[in-house]
Amino acid sequence: MHTQIQRKAQLLFLLQKEFYSYGRFYIHRHYNGWTISGSQKKNSTPSRIKGSIFINMISRLSIYIIVAYIILLFISVISACWFMIHGEWLLGEVTISIMGDGMRTLTSNILIFSSLIPLSLFVTLDGLRISYSIFIQSDRSMNYNEKKTTCNTHGVLEDIGLVSHILSDKTGTLTLNKMKLKGVQLPGSDTPMLIEENADPLHHNMCMVSILTMLLCHSVCIVNGEYIGTSQEEVCALQYFKSTQMELLSNQNDRMIMSLNGRKVCAKILGVLPFSPAIARMSVIVLVDGKIFLLTKGSDEVVPNDSAVKIGGEYRTLAMAGAELSIEDIKRTAVHCKENPNREDPDDNLPESIDRVIELFERNSEQNESDMAENMECSGSEPISLPIDFILECEKLSKYTGTLYLEDALQPEVEQTVKSIRNKGINLWMVTGDRKESAVSCGLLSGMPRSSKAISGKEICSLTGNDSETLKEESLIIFRCSPEEKKKIAHMLRVAGNIVLSVGDGENDIGMIEEADIGVCVCGVESNRPSLSADLSIPSFSALRRLVLYHGPVALNRLRNVFLFFIFKSVCVAVCQCIYGGIVGASGSMAPSSLFLLFFNAMLTSPLSVEMGLFRRECLNKSIMDSFLRGVLYGVASFIVVYSLFGSIDVMGASGELGSHSVVSCFFSLCLFISTVIYFIFSAESFVIYSFLALFVSAVFFIIIVGVDIGFEVFASPALYMCAMYMTMCGLLVERTACLLRRKQAPYQELTAIDSEPVV
């Protein structure tokens, strides 16, 4: 097509809007013309810094743990000072320095209660999340076309299990960016003529005007025999007609060459009304076989199609209209254009163009078919460019010639993926820049319910208040949505308290991907920029099912149980130490051995945490209150067991001998270790080989730590094994007590959000 015609048409038919965005630049209309006002990035808001929602929950809870830690230190120091002043000393009065002894006690208690500080917890969770990213990238069931899932960050993987809304792009995400021609609706017919139901090619029943509309009215180029264009609707239609011997051979400048059932036909382009979103159609005026035709194709909202059959949105539609123009029609239309006072350019070359059209028409009318084709191919005359307002006036003469029915070619297993996600209770919204008919057709084809509401991006962004009923829709189809509106929709959902996952494949989805809590990119051919902005990149939309239904919930559940395990360990040790401190006058003496306390989180229980976080298939759904309660019960039980064996701890044994603190601390360490092991066993619904391996490694660590601290000969003492049996029975009693209390609390709703997450 002539570049001057296209440039003028683009400027003329974008007047319905004052502001348009094209890629990186904004074109703004002033009263004195059009200007490019700058880059889109220049005025865009900076991307927010994402953080793990799950880790934020834990961080808020950790604040209370640190507050409890500080309170315990304060109480311990005050108690130690009080006991030192008012206590009776066996060796007589001693000199006490409140400041010096108080600081000594404070330093001792900082180490004693150090297990409450969640430093090792965050290190463990971060290591586990790195492992989850490796698991996801190694999951072969998510591969497609030899492409793997990649994790750009491991900080939000567990948040996938918390997702409440998924915003999905359409073209390239749900679809393959390809179309399928399904059939055609002809004037006067009550039912559409579908390709699958008819053995004859479609053009056998189509009129010449509708055939020419398909072959000539489009913006497709031919490169090495292949049809290349931005509109896949036009490409797939040309590909189908090519397979039925109705082929477009050449498309250069103002001439197109066709092959109609083996007969070579040349068409001269006289005028073009290029497609734009503002007018939603394209029209051309062509000279073919000595006849002039007006051909129009576009949305059924603007192309007259009164006799078309409504099919309920199953397919995308392209309406066609046209007419054969006589010389009288052309002259009469030219007169109307000249008389129109609202013409955009009254001084254009309309009379000259009309004269050249008439001259060309008369010259071709006097020639036979072969001479006509040769004359049009070899003609070296300048292209004819009929003004756009003339073409608009000619459109009033066109009549409906048919409707094409097309269907999006979906990504593999899209329908199953959409239904599985919806069955899990996650709200799925489709967000696209396409028109309403295309969006609804793709939504229904993808498995979204027929009751899904369709709304434009501008309408949903104009909603006020987070309590809008539209934001509560389970399935929503959003059409004509710009990149800025996509980003705003994600922001609106997040502000309303929802956890949003956005999935897209193009540069127009980058804002939505960055704004969402979790951004996912479908690897495509459009650009690599979305994958750089996304948290994860998946090879196809079907991989989202595995990601949302398995990896996200499993990662969340495992990390959650590791956190609950930490709560239990910390409370158990702290309670036992607090009771012990009360007995010994808050002297700063440790109940368990110093090495045991030093390596309790870092080494002794780390194999159990790793098993919970990586290899455990299922865990019992326990709450924070349940872990806290069991920690208290186990801490009390550990002290009672040791106290019942030694009597007045650290002062006098049952037979009157002075008790050895090293032996007492060994028994305390044993009771606390057994408490941890029993909790580990009773928190699992099933075991794997790694469960027994973790128990064995932890037991080896315990033997080494106690042996190095006290001496390995302690394991030859029968009293140690009696204490182990005693503590095991008390642990079983604690589990039974916790089970009864848990049953009483079952009717009540959990108070924290982390306790209410589903388990996979």
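The structure is a predicted model, in which local features need pLDDT of at least 70 and side-chain atom pairs count only at pLDDT 80 or more, while totals for chains, interfaces and linings use all residues. Residues are numbered from 1 along each chain as its sequence is written, and side-chain values use heavy atoms, with hydrogens and water left out.

**The chain as a whole**

Let's start with the big picture. The protein chain has 25 helices and 22 strands; helices (H or I, at least four residues) and strands (E, at least two) are DSSP runs, numbered from the N terminus. Of its 760 residues, 50% are buried, meaning under 20% relative accessible area, with exposed being over 50% and partly exposed in between (1.4 Å probe, protein chains only).

UniProt, in an unreviewed entry, places the feature "transmembrane region" at several stretches, including residues 627-646 and 687-708; such annotations may be inferred rather than shown by experiment. Here is how those two stretches look in the model:

**The nonpolar cores**

Which residues have the most contacts inside the largest nonpolar core? They are Ile166, Leu501, Ile518, Leu536, Leu544 and Leu547, in a core of 101 residues. A nonpolar core is a set of buried Ala, Val, Leu, Ile, Met, Phe, Trp, Tyr and Cys residues joined through side-chain atoms within 4.5 Å. Helix 18 (residues 543-583) gives this core its largest share, 20 residues. Leaving aside residues up to four places away in sequence, leucine 547 touches Ile136, Met142, Ile160, Val520, Leu536, Ile538, Gly552 and Pro553, where a contact means heavy atoms within 4.5 Å. A second, separate core has 41 residues, among them Met179, Val209, Phe293 and Leu318.

**Aromatic pairs**

There are 12 aromatic pairs in the structure. Rings of Phe, Tyr and Trp (its six-membered ring) pair if their centres lie within 6.5 Å; planes under 30 degrees apart count as stacked, over 60 as edge-to-face and the rest as tilted. Why is the pair of tyrosine 580 and phenylalanine 668 edge-to-face? Because their planes are at 75°, with the ring centres 5.4 Å apart. This pair links distant parts of the chain, since tyrosine 580 lies in helix 18 and phenylalanine 668 in helix 23 (residues 661-682), 88 residues apart. Both tyrosine 580 and phenylalanine 668 are buried.
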